[in-house]
Amino acid sequence: MDHRSIIEKINTHKKQPNLRFRLKRNTEKFTDLLFYMLFDIETPVAESLDALEKQFDELVDLACWESERPCKKVWENYVEKLPLVLESLNLDAEATVNCDPASLSIEEVYMAYPGFYAISVYRLAHELYKMGFPLVPRLMTEYAHRQTGVDINPGAQIGKSFHIDHGTGVVIGETAIIRNDVKIYQGVTLGGLFVAKKLQQTKRHPTIDNNVTIYANATILGGDTIIGANSVIGGNAWITASVPPNSTVFHKPEIKIKTLPHV
């Protein structure tokens, strides 16, 4: 096969007219500047907002494939939400300082905690998700996922003072609901009990009520599953049914003592 034929065949099979990976790169730049504008004392707010507006216009051109969708109106509405997002994220940072004895300062949380970074990007993406802005919110949270190992779908609903410790391997599905003052540890999955495309518009992921702690590698599945307030879910627990408030759920290990050496 000659060089020209190879090029023709590749072009024949490039079937997605809206697939521009520049959108992914530009979303990552947008996310970085958003994060720095909100937290970095040396990043000026006014100038950053101007730059972000220009970057957002580029995202609109790349992401809004349906001309009748009013994507250009999204930015003004989004900017109005940023003070509330920042207020909420500050509560998340304070929750981490108060929960984690290893934290030396709140500055450490903002700069060094992967769980906090993942929550920050989620909250920034969630506002765009609620406005129906296509694809960009998912690219934002996937960017955070790649950097932290924490996978939070931008559609999840998360309350105030949320703390993720360590973070690696955490998965929070699109229709999960997490109330206030919840703490979760590495490897926790809030997932769906069944996987089928026809369930797209249904609640597939669990609800976690106020003041719940979920320890490492616990798996909680199902849209009808509710973890009641003030409950503690132990590590490696597997839960597919609701748990009443004030409960403790744990995985009981099986211990066998050897009676003979090398057995």
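I184 stands opposite I214 in β9. This is a predicted model, in which local features need pLDDT of at least 70 and side-chain atom pairs count only at pLDDT 80 or more, while totals for chains, interfaces and linings use all residues. Residues are numbered from 1 along each chain as its sequence is written, and side-chain values use heavy atoms, with hydrogens and water left out.

Strand β6 and strand β9 run parallel and are joined by two bridges. An open sheet of five strands, with parallel pairing, has the order β3-β6-β9-β12-β14. Its edge strands, β3 and β14, each pair on one side only. Strands pair if DSSP finds at least two bridges between them.

| Strand | Residues |
|---|---|
| β3 | residues 163-164 |
| β6 | residues 183-184 |
| β9 | residues 213-214 |
| β14 | residues 248-249 |

The protein chain holds seven helices and 14 strands; these are DSSP runs (helices H or I, at least four residues; strands E, at least two) numbered from the N terminus. Of its 263 residues, 45% count as buried, that is, under 20% relative accessible area with a 1.4 Å probe and protein chains only; exposed is over 50%, and partly exposed is in between. The C-alpha trace spans about 70 × 55 × 40 Å along its principal axes.

On the surface, R20, R22, R25 and K29 gather in a patch of positive charge. Such a patch joins like charges within 9 Å, from residues with over 30% relative accessible area and no salt bridge, a salt bridge being a side-chain nitrogen of Lys or Arg within 4 Å of a carboxyl oxygen of Asp or Glu. R20 lies in the loop between α1 (3-13) and α2 (22-39). R20 counts as partly exposed because its relative accessibility is 39%.

Conventions
Patch = residues over 30% accessible without salt bridge, like charges linked within 9 Å, V, L, I, M, F, W, Y side chains within 5 Å. Areas by Shrake-Rupley, 256 points an atom, 1.4 Å probe, with all protein chains shown as cover. Lys, Arg positive; Asp, Glu negative; His and termini not counted. Charge placed at Lys NZ, Arg CZ, Asp CG, Glu CD.
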